[in-house]
Amino acid sequence: MHHSILEQRQGQPSYGTGNLDNHAVEALGAGAATRDETMGRRGHGLESVPLRPSRRVAYEELALQSDTDYETEDSNLYERKGRKAQSWVLTCYRCWNYVSSIPDTCFSGCASCAESLCECFMRKPSKEDRTIQLGTPDFTHQYASNVTRNQKYGLLTFVPLVLFHQFKFFLNLYFLLVALTQFIDALRIGYLYTYWAPLGFVLFVTMVREAWDDVQRWRRDREMNEQKYKKLTRQGVVTIASSEIRVSDILLVEKDQRVPADLILLRTTESTGSCFIRTDQLDGETDWKLRNAVPATQRLMQDKEVFDISGVVHAQKPDKDIHNFVGRFTYGGGSTAQRLPLNIEHTMWTNTVVASGTAVGLVMYTGHETRSAMNTSTPQTKIGRIDMEINRLTKVLFLLTMALSFSLIALRGLNVSGAHIEFFRFVLLFSSIIPISLRVNLDLSKIFHSWSIGRDKQIDGTVVRSSTIPEELGRIVYLLSDKTGTLTQNEMVFKRLHLGTASYTSDTVDEIVSHVSATYPAGETGPVHGARSGKARKTEASRAHDAVRAIALCHNVTPVVDDADTAHMPQASNSADMESSFSANHGALAADSHVPVTYQASSPDEVALVSWTESVGLALVERSQQHIVLRAPNNQRLRFDILQVFPFSSETKRMGIIVRDCATNEITFYMKGADVVLTKMVEYNDWLDEECGNMAREGLRTLVVAKKSLSEEQYKDFEGRLKQAQLNVVDRDTEVRRVIATIETDLQLLALTGVEDKLQVDVRPTLELLRNAGIKVWMLTGDKLETARCIAVSSRLVGRDQPMHTFGEVANRADTHRELNAFRRRSGAALVIPGQALEICLLHYESEFVELACQSPAVVVCRCSPDQKASIVYLLKKHTRKPVAAIGDGGNDVSMIQAADAGIGIVGKEGKQASLASDFSITQFKNVGRLLVWHGRNSYKCSAALSHFVMHRGLIISVMQAVFSAVFLFVSIPLYEGFLLVGYNTFYTMLPVFSLVLDKDVKDETALMYPELYKVLMKGRTLNLKTFLQWVLISTYQGGILMYGGILLFDANFIHIVAITFTALILTELLMVALTIRTWHWLMVVAEIGSLLLYVISLAVFKDYFDSQYLLRGEFVWKTIVITLVSCLPLYVLKFIRTRYAPPIYKKLQE
């Protein structure tokens, strides 16, 4: 069939075939079935699942296979590309044939649109492993575009989507139907503007607000898409925009420039072949990460030579996992082809920033296929809970309207001709029961409270980016918080050093300085433990020196000199003499103690420890992959060759290094790590466990430091066994760890260090305030477990004496069940759980885990990915149905912020990405207390009170209409029509009712002093069915009194009824507002008096509705006053009695 179609196309123009050979065309028929069968075996939705260890091993095996012929693989690659290209051509051809079969008169001029449509349908994101050739653009695959787009609407979709979001609310849909009925003569009740004007105003305000927000998003996207980058080509370097970047491009990313796509690091200007990147916008960690260039490309003399080595990169399909990557780099051809494995150290993910040098990278993933995009959820339109509650109440009001209309028709008689028309007329007459002004008042109230938040000087810098949900802040139950940059400043300070016999703090650091200085006297060429101070002093000095030197050597810190300080140094003319130039320059700078050096490492703990050793006399001045150089107090340079480095990992919880002292040729194995691990490896002691507990209770992050001396024979034996283990293909990591474990025994315990992570200002009182307000705070962090535990204690998220349960490692259902039972037995304990264990736990026992976690006073999730943070938000919303807020400051918090009911972003060191994506932006974590407890509470209470009064205003006039119709033989004519009905809902009562947004039951100092006031709102009793029914009864009573009173005082003229009842109605509404206000504001007085004067003026102006002569009589005045007092006085008496004998909480505080 495929061949016949191609034969029919002979002689016709080719659409998108490109230069395809006959072999690829012939292979299409045979390859289609195999490809379809392969695609059918693939699971659905597995693209988002991170690679399991077994799959990583499989990739590593693939990367190290040497028996596959490279040329065969290369030819198969192009054959597969050709078959896929022909498949797309055939798909496009079938679409084009279908379009061509339609008569030209039906789509004249639309042929190009049809071609674009076919092309659009063919562009599917690649979810397969990809192979990219250096310098060869890949035209056979349609990879994702690198365009950033965060807009909610387009030019064509704006109006339809906005209308859809508005009319999915029952309130707006109901009024749309009511307004449409006024075009039917039999159902017309009044003027069209009385129905269409309010509805049109609501839609206009909504569209303007949504358009403004989306334009701001478009501007931010345009700024991102127009950022310029340098692209390396065979002809030279060209400049392209970020949106024009494609897979297989080679980019030059300079220092402090954002990485625009997921790259494989090919080259760097750093002589060591490595560079630092900042990942704060990806994983929330402000520490710099070290990345290594591919050795085969780093050795090249010039950048353009990467096009001449026949390099091919094979990478896994797009994946969410930001901590792992598996790939292969192949270069050379034929029998000389060589393969190198690629891992996470060779990558630079999107939105990271190059922190040192200039990086040359190959683009592997773009657009929504990047790690950053796959860990970011799509922003959704947030709808406040109060909107949903009012939407439900309007449905109740609709049923009430239907019941009232049917009752009047039934009393009149169902057999009367035209009963169905009369029924619909009554429904329209009672449409005021569901007031359209409710939406207008609520929207204006939200805007006012958003404005109030922005102008609060005590939380200066706060910006409300979503003015539709300020009342959501008023009843938050769960607050999910990031750690780094949110609760902490991520600045480590060295606090304590314990040597077993002595403990040193910042107050006694001078003793350490003297010990180290005494070890390196002036004029000596090595460490000397003099006997001038006696034997005891020598022992203490020796221990202090050994501990300081171990801390100065056992780390992954690199000293970095600012470019401004190296500007006067000679620069390398080419990459051949780059290393020698670097060594010379760096050595010169190191010798100059006045040149400022910045330390960079993957952990701030490392930087704090090395900075401390510099302060006591041993400074790190040079670090490469081969050696470390320290500067002693006497300016002597101590050089150590690096023999082996064992990096820290979350599994091992320790790091080690083997160095050779170049002066003495002594080989020493240094190790530092968590106390739970090193306690079993060091020699017996009686102080380590006790001191670790003491430091942990102070919130310090502890590290145990130890060492072991190795002879030359011992090291040679260890090195041989280690190399053999590293050559294994199967279980390589296990074998390597087994070999390393052979020297991790009988270590000499040197010291215990304590480092403090500085908290943000007023974090502890803010967390206490939130806890007293009934808000449960969960901390979600990508940091290590030990770090998360320490911060939970130091920030008082977990009390000093409160037990903490750490969820153990789980791999299956049985392990998960065991750990859940262990946690269940520890009642009242805070929970600490790693992200991997959480994922497995939710897979097997989702409901049980959420139930137990919600009962815990605090929950800490460590090693949590950005996508997991958002998943936890959805989990709480799904199972608890309680309002959830999220707060963070980094790009890794964006998904969590967007998923929460109220997203709060902090403008901090990690940039503005979280702030721009949030609903509320603040400058410090301490501001969240006032934002929730004061502004959130006021916004919710005022919105609830405003909703009550607007519904009361519609109910009372509808009750009067029902009484009027019942008294006058069930006629379906309006009691008030035209301007009176419009004026009642706008000019005469709108300002007094809306002025309730200024009402406050307590002062801000009282609300912050007694956060328990906030806890009352969580029950949702301020606006629920019970309070709604209370207002229905009040409206029924007052409407009945007003109408029946007017009829009883009827003076044989219908116009007098209208004058008396309408005036009493206006006065009743104004009095009800006055009786409700708890704290008067001068604008409230203006609104009350101004509305009353406006009505008095209208009595004289609108003579068609009122008898001006009758209005001047005393009879009118006393009848109106009597009716008004009867409708309001009993309610005031009841309120006084209730306040006197059962006062609310705020009243007690006022007294």
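Glu-683 sits in the loop between helix H19 (675-678) and helix H20 (688-697). Helices here are DSSP runs of H or I with at least four residues, strands are runs of E with at least two, and both are numbered from the N terminus. This is a predicted model, in which local features need pLDDT of at least 70 and side-chain atom pairs count only at pLDDT 80 or more, while totals for chains, interfaces and linings use all residues. Residues are numbered from 1 along each chain as its sequence is written, and side-chain values use heavy atoms, with hydrogens and water left out.

Is Glu-683 buried, exposed or partly exposed? Glu-683 counts as partly exposed, because its relative accessibility is 44%. Buried means under 20% relative accessible area, exposed means over 50%, and partly exposed lies in between (1.4 Å probe, protein chains only).

Glu-683 is in contact (heavy atoms within 4.5 Å) with Asp-746, Leu-747 and Gln-748, leaving aside neighbours within four places in sequence. Leu-749 lies 66 residues from Glu-683 in sequence. In space, the two are 6.7 Å apart, C-alpha to C-alpha.

Strand S24 covers residues 667-673. Of its 7 residues, 7 are buried, so the strand is largely enclosed by the rest of the structure. Ile-667, Phe-669, Met-671 and Gly-673 point one way. Thr-668, Tyr-670 and Lys-672 point the other way. Both sets are buried.

Which strands pair with S24? Two strands pair if DSSP finds at least two bridges between them. Strand S23 (residues 654-661) runs antiparallel to S24 and is joined to it by 7 bridges. Ile-658 has Phe-669 of S24 as its bridge partner. The hairpin of S23 and S24 has 5 residues between the strands, and there Asn-665 takes a positive phi near 60 degrees.

Strand S25 (residues 701-710) is also antiparallel to S24, with 7 bridges. Here Ile-667 has Leu-710 of S25 as its bridge partner.

## Ser-432 in its loop

Ser-432 is in the loop between helix H13 (419-429) and helix H14 (437-454). Ser-432 is buried, because its relative accessible area is 17%. Not counting residues up to four places away in sequence, Ser-432 touches Gly-954, Leu-955, Ile-957, Ser-958 and Leu-981.

## Cysteines

A disulfide is a covalent bond between the sulfur atoms of two cysteines. The rule applied here asks for a pair of cysteine sulfur atoms within 2.5 Å. By this rule, the count is 0 disulfides.

Cys-841 is buried, with a relative accessible area of 0%. Cys-854 is buried too, at 11%.
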